[in-house]
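Please open the model in a viewer and follow the stops below in order. Each stop names a selection and then describes what is found there.

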Amino acid sequence: MTSSLQPQPVSTDMPNSACFGDCADCGRRHALPIGNARGLALDLLHDIESAGRLDFDVPEHEADPRYSLDNVIRPGHGNMFGILECESAEGETVVLRAFSSLRHGIRRIDGWVLPLLSASLYDETILPAQDEIKRLTTELNAQPVGSKEHQRLQDERRNVSRDLWEQMCAAYRFRNFRGGERSLADAVVPGTPITGGMGECCAPKLLNHAAIAGLRPLSMAEFYWGSGPQHGSRISGEFYESCEARCQPILGYMLCGLDES
Ligand SMILES: [Zn+2]
Ligand SMILES: [Zn+2]
């Protein structure tokens with residue numbers, strides 16, 4: 001068994017699609033093919049590796065040292081990157097690219113799609129609450145179950161989690177291809193637990209950008225890039241499915257309206 005928090009390699013049973021989710025409105029699964037995005041993602045992988053930085057669009061002397069791979073990715077770790085091939089209203093191909101959360105809180109680099117939330121909202125509200133929950137969990141685990149302190153910490157963590165849930169539900173707005181827009185609570189498949197990081201992966205960033213810009217997605221691919229010893233079971237340069245815990249529950253809504261003419 002693999003944890004649902006680990007990205008799964010693209011299934012050999014369904015090798016043509018890695019971005020999918022169940023839609024509660026239609027009662028069926030929507031999916032985007034990998035299609036041309038696979039080759040475009042390999043080009044991106046090559047650009048990143050040969051430049052050694054994420055601002056590879058600019059000449060070397062203009063490069064920002066903060067965006068070097070050594071700085072944005074912790075040694076021995078890696079990151080997910082995504083490509084969305086789209087068609088504009090005029091019939092032109094537009095290729096979008098995204099990264100999932102980078103080290104040092106770097107969220108915006110020219111040439112990459114923007115995150116759903118503003119930097120200030122994310123840094124001042126979402127991140128501190130996530131850190132607080134982690135801290136409380138560590139403290140909680142150090143206390144004997146049934147003790148007064150254990151109970152107090154459990155109550156406190158529940159309150160912080162509830163606040164975070166409300167803040168995330170209010171802050172994130174997800175678009176789809178029927179012209180719809182929903183909060184996180186309304187976009188997820190009913191009954192899905194809301195967890196930190198929903199909306200921060202490549203797939204929702206790319207699809208939201210496309211929907212806002214009036215672009216029609218044609219294909220998507222997400223790959224992992226890592227340096228040094230491999231992190232978990234992920235392999236550098238391998239394609240992965242949109243993650244089960246954070247992405248699949250919202251992708252059904254976000255992809256809705258795409259697979260019909
Ligand atoms: Zn994800
Ligand atoms: Zn649908």
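In this tour, buried means under 20% relative accessible area, exposed means over 50%, and partly exposed lies in between, with a 1.4 Å probe and protein chains only. The model is predicted, so local features need pLDDT of at least 70 and side-chain atom pairs count only at pLDDT 80 or more, while totals for chains, interfaces and linings use all residues. Residues are numbered from 1 along each chain as written, chains are lettered from A and ligands numbered from 1 in the order written, and side-chain values use heavy atoms, with hydrogens and water left out.

**The whole chain.** Select the protein chain, which holds seven helices and eight strands; these are DSSP runs numbered from the N terminus, helices being H or I of at least four residues and strands E of at least two. The C-alpha trace spans about 65 × 50 × 40 Å along its principal axes. Of the 261 residues, 44% count as buried.

**The zinc ion.** Next, select ligand 1, the zinc ion, which is coordinated by the SG atoms of C201, C243 and C247 at 2.2 to 2.3 Å. Donors are N, O and S atoms within 2.8 Å of the metal (3.2 Å for Na, K and Ca); water is not among the atoms, so sites may look incomplete. The zinc donors follow the spacing C-x41-C-x3-C along the chain. C201, in the loop between α5 and α6 (202-213), and C243, in the loop between β8 (239-240) and α7, link distant parts of the chain, 42 residues apart. C201 counts as buried because its relative accessible area is 11%, and C243 counts as buried because its relative accessibility is 10%.

**Y122.** Move to helix α3 (residues 119-141) and select Y122, which lies in it. Is Y122 buried or exposed? Y122 is buried, with a relative accessible area of 8%. Leaving aside residues up to four places away in sequence, Y122 touches R107, L117, L127, P128, Y172 and E200, where contact means heavy atoms within 4.5 Å.

**The lining residues.** Finally, select D22, C23, A24, D25, R182, D186, A187, V188, V189, P249, G252 and Y253, which line the largest cavity. A cavity is a set of points, on a 1 Å grid over the protein atoms alone, where a 1.4 Å probe fits but cannot get out, and lining residues have an atom within 4 Å of a point. Helix α7 gives the most to this lining, with three residues.

Definitions and conventions
On a 1 Å grid over the protein atoms alone, a cavity is a set of points where a 1.4 Å probe fits but cannot get out, and a pocket is an open set with protein on both sides within 12 Å along at least five of seven lines; lining residues have an atom within 4 Å of a point.
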